[in-house]
Protein chains: 2
Amino acid sequence: MVKALILIADGTEEMEFTITYDTLVRAGIECTSAFVPRGLSPYGSSDTSPPLAVCSRRVKILPDVTLDPLAAGPEKYDALVIPGGMGGAVTMAGSTEVQNLVRSYYNHPEKRIIGMICAGSKVAITAKLPGQPITSHPSVQSDFSVAIDFDYREQDVVVSDAVPGKATLVTSRGPGTAFPFVFTLIELLCGKEKRDEIVGPMIFPSGTVTGYPL
Amino acid sequence: MVKALILIADGTEEMEFTITYDTLVRAGIECTSAFVPRGLSPYGSSDTSPPLAVCSRRVKILPDVTLDPLAAGPEKYDALVIPGGMGGAVTMAGSTEVQNLVRSYYNHPEKRIIGMICAGSKVAITAKLPGQPITSHPSVQSDFSVAIDFDYREQDVVVSDAVPGKATLVTSRGPGTAFPFVFTLIELLCGKEKRDEIVGPMIFPSGTVTGYPL
């Protein structure tokens, strides 16, 4: 079974989190949400009862687990997803454990997928991923012009396989592109057939598919 | 301040709930989520600590309050929203308290707005609203052909002002139409200008607005 780990923190954008989690589950992917506290211990957390994440517009979500870096690695999951929402993204970008986790997925010998949406793309910088095609919410675009050689693109979804043998990096722009983002992840993880199978019952606006014009 | 009450139950579709709540908050609307237990007491609930709603794809959301019919009426809120997700919609449709609540919004002398999306439209039947233009998830379309004279439409969003002086009923089809659904609610509650103001930062796919082709 394909497995995905989705991070969540106080201030996470609840639509980006929920659209991703729910749609991955619809594709038969086993999802685990992991709470990233501010100031996560480098030795992991012994808290088996995660705190509620108070999201960017005050929706309160109970994560499945608190992030334990020792149990969150690419040996266990096929994909790692980092949602946006400025508050949550700042917490994740500033977390040494999240930075290390992203690098472990990026460098895993069995090619993994890393998804980042909206302000979540900030983590590509703090995790020191090599410069490559990327996008983000426009409000953090300027972060990518400083110090690191990213190829910033104003596209809804950017799929980067810039470095052979490394993880595929999938980035996207905001809540409005969350559907194209998660369907790209599903196509990469489960194939186009699975993607097409689950689009139908979700009933996208007439004249579109996953919110895209036909 | 414009206020909206959004119902939630075990089995509610978490994208439909979250997209609606979050986007209404972005428009400056004060949102309250109210948990509908299976078998809600007709005297309201004394439980001030609502239980977690386990949604349709296992996202766990902590509602703001447990539904207390005495505090949930149209004197307090401008809009009532009923999300889909079959499990949650069946609970709401079967709840006498929810049926009474929907009728109280429908008949309030100061015109209110009732939003129903996906299987949530089932509540229009059990609340015995008068036959009028309506839509829903296709999986529950056949419910509308039985016994009640609804004018079923296969449109993304249906706005009905069928009966003068009664509430405006806004219905929609599924998670894929949740953005057009909530933007219709915002336009009705706050005007087109507010709607246009919040669309931009959400970054909808290129060539679309709120997921619609331009």
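Hi everyone. About 3300 Å² is buried between chain A and chain B, and carbon and sulfur atoms give 67% of that area. On the chain A side, M15(A), R57(A) and I203(A) lose the most area to chain B, together 19% of what that side buries. Please keep in mind that this is a predicted model.

Let's stay with that interface for a moment. In terms of contacts, 41 residues of chain A meet 41 residues of chain B. Between the two chains there are 4 salt bridges, and 14 residue pairs are in polar contact. Which elements of chain A each supply at least two residues to the side that touches chain B? They are α1 (14–26), β4, α5 (178–190), α6 (192–202) and β13 (212–213). Of these, α1(A) gives the most, with 10 residues. By class, that side of chain A has 20 nonpolar, 11 polar and 10 charged residues.

Now, the strands. An open sheet of 4 strands runs in the order β3(A)-β4(A)-β4(B)-β3(B), with antiparallel pairing. At its edges stand β3 (53–54) of chain A and β3 (53–54) of chain B, each with a single partner strand, so one side of each has no neighbour in the sheet. Within chain A, 2 bridges join β3(A) to β4 (residues 60–62), and V54(A) sits opposite K60(A).

On to charges. Side chains of opposite charge can pair when their charged atoms come close. Over all chains, the whole structure has 24 salt bridges. One that crosses between chains goes from D64(A), in the loop between β4 and β5 (65–66) of chain A, to K60(B) in strand β4 of chain B. The closest N and O atoms of D64(A) and K60(B) are 2.8 Å apart. Are these two partners buried or exposed? D64(A) is partly exposed, at 24% relative accessible area, while K60(B) is buried, at 19%.

There is also a network of salt bridges linking E13(A), R57(A), D22(B) and R26(B). You'll remember R57(A) as one of the residues that lose the most area to chain B.

Finally, a pair inside chain B. K122(B) and D143(B) form a salt bridge, at 2.7 Å from N to O. This pair links distant parts of the chain, 21 residues apart: K122(B) lies in helix α4 (residues 122–126), and D143(B) in the loop between β8 (133–134) and β9 (151–152). K122(B) counts as buried, at 18% relative accessibility, whereas D143(B) is partly exposed, at 26%.

Definitions and conventions. Residues are numbered from 1 along each chain as its sequence is written. Chains are lettered from A and ligands numbered from 1 in the order in which they are written. This is a predicted model: local features need pLDDT of at least 70, side-chain atom pairs count only at pLDDT 80 or more; totals for chains, interfaces and linings use all residues. Side-chain values use heavy atoms; hydrogens and water are left out. Two strands pair if DSSP finds at least two bridges between them. Contact means heavy atoms within 4.5 Å. Buried area is the accessible area (1.4 Å probe) that two parts lose on being put together, summed over both. A salt bridge is a side-chain nitrogen of Lys or Arg within 4 Å of a carboxyl oxygen of Asp or Glu. A polar contact is a pair of N or O atoms within 3.5 Å; within protein, one must be able to donate a hydrogen and the other to accept it, and residues adjacent in sequence count only if both atoms are side-chain atoms. Ala, Val, Leu, Ile, Met, Phe, Trp, Tyr, Cys and Pro count as nonpolar, Asp, Glu, Lys and Arg as charged, and the others, Gly among them, as polar. Buried means under 20% relative accessible area, exposed over 50%, partly exposed in between (1.4 Å probe, protein chains only).
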